Amino acid sequence: MAAVAAGVGFILFYRLGSLTSGLSTAEVQNIDSNTSWHNIVHNPLDLPWHAVQWILLTIFQHHGQTVARLPSVAFGLLTLTAFAYVLRRWYGLRSAVFGTILFGFSSWFLHVSRLGTVDILYVWSVPTLLATH
């Protein structure tokens, strides 16, 4: 399982800021709305992602594409962990390893977890709710 997590972690962090030519308009809007707590408090929808991005934007004053996308990578890793836990509990170790590899290397998961928008929260919520049940 550690090798699977290391492989997917490498794929998620590989050229995170330089693979594309720039930020999309949705990513720029998220950065602009997360520059102060005032915007986050008045719109608490998707608070976990916005809080993590606000912390990163506060720590790194000269932020770029990598810092804007790091919250999605963090929630992608949490999603993968919860997914692996659910598969292990329901189907055993072998199915958990193969299922996590398939899910972790799928283009949909990689796209959503490397994009600097709140879309990863929709993916994160289902395995996390299943894992807590």
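What is the volume of the largest pocket?

## The largest pocket

In this predicted model, the largest pocket has a volume of about 170 Å³. Its lining is formed by Leu-16, Leu-19, Thr-20, Gly-22, Ser-24, Glu-27, Arg-69, Leu-110, His-111, Arg-114 and Leu-115, and these residues divide by class into four nonpolar, four polar and three charged. Helix H7 gives the most to the lining of the largest pocket, contributing three residues.

## A salt bridge between lining residues

Two residues of the pocket lining, Glu-27 and Arg-69, also meet through their side chains in a salt bridge, with a distance of 3.0 Å from N to O. The count for the model comes to one salt bridge. This pair links distant parts of the chain, since Arg-69 lies in helix H5 and Glu-27 in helix H2 (residues 25-33), 42 residues apart.

## How H5 meets H7

Helix H5 (residues 65-91) and helix H7 (residues 107-114) have axes that come within 7 Å of each other and cross at roughly 140°. On the side of H5, the contact is made by Arg-69, Ser-72, Val-73, Gly-76, Thr-79 and Leu-80, while H7 supplies Phe-109, Val-112, Ser-113 and Arg-114. Sorted by class, the contact of H5 with H7 has four nonpolar, four polar and two charged residues.

Arg-69 and Arg-114 take part in this helix contact, and both are also listed in the lining of the largest pocket.

Note on methods:
Residues are numbered from 1 along each chain as its sequence is written. This is a predicted model: local features need pLDDT of at least 70, side-chain atom pairs count only at pLDDT 80 or more; totals for chains, interfaces and linings use all residues. Side-chain values use heavy atoms; hydrogens and water are left out. Axes are lines fitted to C-alpha atoms, for helices over the stretch in contact, and angles run from 0 to 180 degrees between N-to-C directions. Helices (H or I, at least four residues) and strands (E, at least two) are DSSP runs, numbered from the N terminus. Contact means heavy atoms within 4.5 Å. Ala, Val, Leu, Ile, Met, Phe, Trp, Tyr, Cys and Pro count as nonpolar, Asp, Glu, Lys and Arg as charged, and the others, Gly among them, as polar. On a 1 Å grid over the protein atoms alone, a cavity is a set of points where a 1.4 Å probe fits but cannot get out, and a pocket is an open set with protein on both sides within 12 Å along at least five of seven lines; lining residues have an atom within 4 Å of a point. Grid points are joined across faces, edges and corners, and a volume is the space filled by probe spheres set on the points. A salt bridge is a side-chain nitrogen of Lys or Arg within 4 Å of a carboxyl oxygen of Asp or Glu.
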